[in-house]
Amino acid sequence: MLEILKAVLFGIVEGITEWLPVSSTGHMILLNEFVKLDVSEAFWEMFLVVIQLGAILAVVLLFWDKIFPFELKNRNKPFIRKNIFVLWFKIVVACIPAAVIGLAFDDVFDALFYNPWCVAAALIVFGVAFIIIENRNKNLCPHITSLEQITYKTALMIGIFQLIAAIFPGTSRSGATIVGALLIGVSRTVAAEFTFFLAIPVMFGASLLKIVKFGFHFTGTELTILCAGMIVAFLVSVFVIRFLMGYIKKHDFKVFGWYRIVLGVIVFAYFIFS
């Protein structure tokens with residue numbers, strides 16, 4: 001029962017931090033320093049990734065009308081929604097850098113960078129980046145204000161920023177792609193939406209890869225822990241995504257930048273003096 005309660009806590013943290021640009025993986029690694037699941041190392045590494053799948057399903061639910069490429073409700077409209085197919089092609093292009101490099105060097109990145117020191121450094125560096133970029137953009141009008149205006153070149157550039165998050169935990173996948181999008185003139189709302197959609201194939205692919213590596217021989221306890229974490233992450237994500245989309249219509253991302261810097265400093269201090 002205690003392990004299930006721990007899984008619920010991890011699900012809450014995942015659901016909050018997956019969508020806010022503060023690094024879900026970084027927070028999960030840090031939480032594990034204080035609330036360790038009593039599981040094998042192999043299961044923990046798989047759990048850390050697959051729990052994010054629950055959060056991703058919240059995007060599918062909330063943005064179904066924007067991502068489903070077929071028209072089923074209105075027979076007077078074309079069955080195939082061409083603009084959404086084009087959007088998915090752009091998402092695939094944006095996934096290429098992380099997919100190619102991530103598949104080739106996944107184990108190397110895990111061994112080198114999945115530790116509290118790298119998490120703290122990435123939190124601070126991208127926190128500073130958010131503040132600098134938002135200050136720079138303060139008096140600038142974004143020239144990409146809709147998903148349709150995102151070109152294949154823009155999508156690829158955003159995908160390269162996503163690769164940074166795949167390498168360095170603590171960067172935040174959403175944080176990296178949003179920073180990249182803001183740098184090249186994408187509005188906050190469009191940057192957030194494209195980031196959410198980009199997460200769907202990325203996390204489905206990453207979860208499948210981790211499950212295959214782990215194998216399908218779950219114990220009853222392991223399966224319960226995984227399902228509890230995913231379900232809670234899904235429910236919390238629904239509320240957090242709605243909050244974030246409302247928040248960024250009136251506010252910038254600087255508050256998240258400051259949060260990352262403060263948290264990064266606290267993490268450094270904790271591991272230096274502990």
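**Close-up 1. The kink in helix α3, in a predicted model.** Helix α3 (residues 41-62), where helices are DSSP runs of H or I with at least four residues, numbered from the N terminus, carries a kink of about 30 degrees centred on F47, the bend at a residue being the angle between axes fitted to the seven residues ending there and the seven starting there. The 22 residues of α3 should span 32 Å at 1.5 Å a residue, and its end C-alpha atoms, 34 Å apart, agree with this; the expected span is 1.5 Å times one less than the number of residues. This is a predicted model, in which local features need pLDDT of at least 70 and side-chain atom pairs count only at pLDDT 80 or more, whereas totals for chains, interfaces and linings use all residues. Residues are numbered from 1 along each chain as its sequence is written, and side-chain values use heavy atoms, with hydrogens and water left out.

**Close-up 2. The contact of α2 with α3.** The axes of helix α2 (residues 24-34) and α3 come within 11 Å and cross at roughly 140 degrees, axes being lines fitted to C-alpha atoms, for helices over the stretch in contact, with angles from 0 to 180 degrees between N-to-C directions. S24, T25, M28, I29 and N32 in α2 meet W44, F47, L48, I51 and Q52 in α3, contact meaning heavy atoms within 4.5 Å.

**Close-up 3. The kink in helix α5.** Helix α5 (residues 82-113) spans only 41 Å between its end C-alpha atoms, whereas a straight helix of 32 residues would span 46 Å at 1.5 Å a residue. A kink of about 70 degrees in α5 is centred on F105.

Notes
Helices (H or I, at least four residues) and strands (E, at least two) are DSSP runs, numbered from the N terminus.
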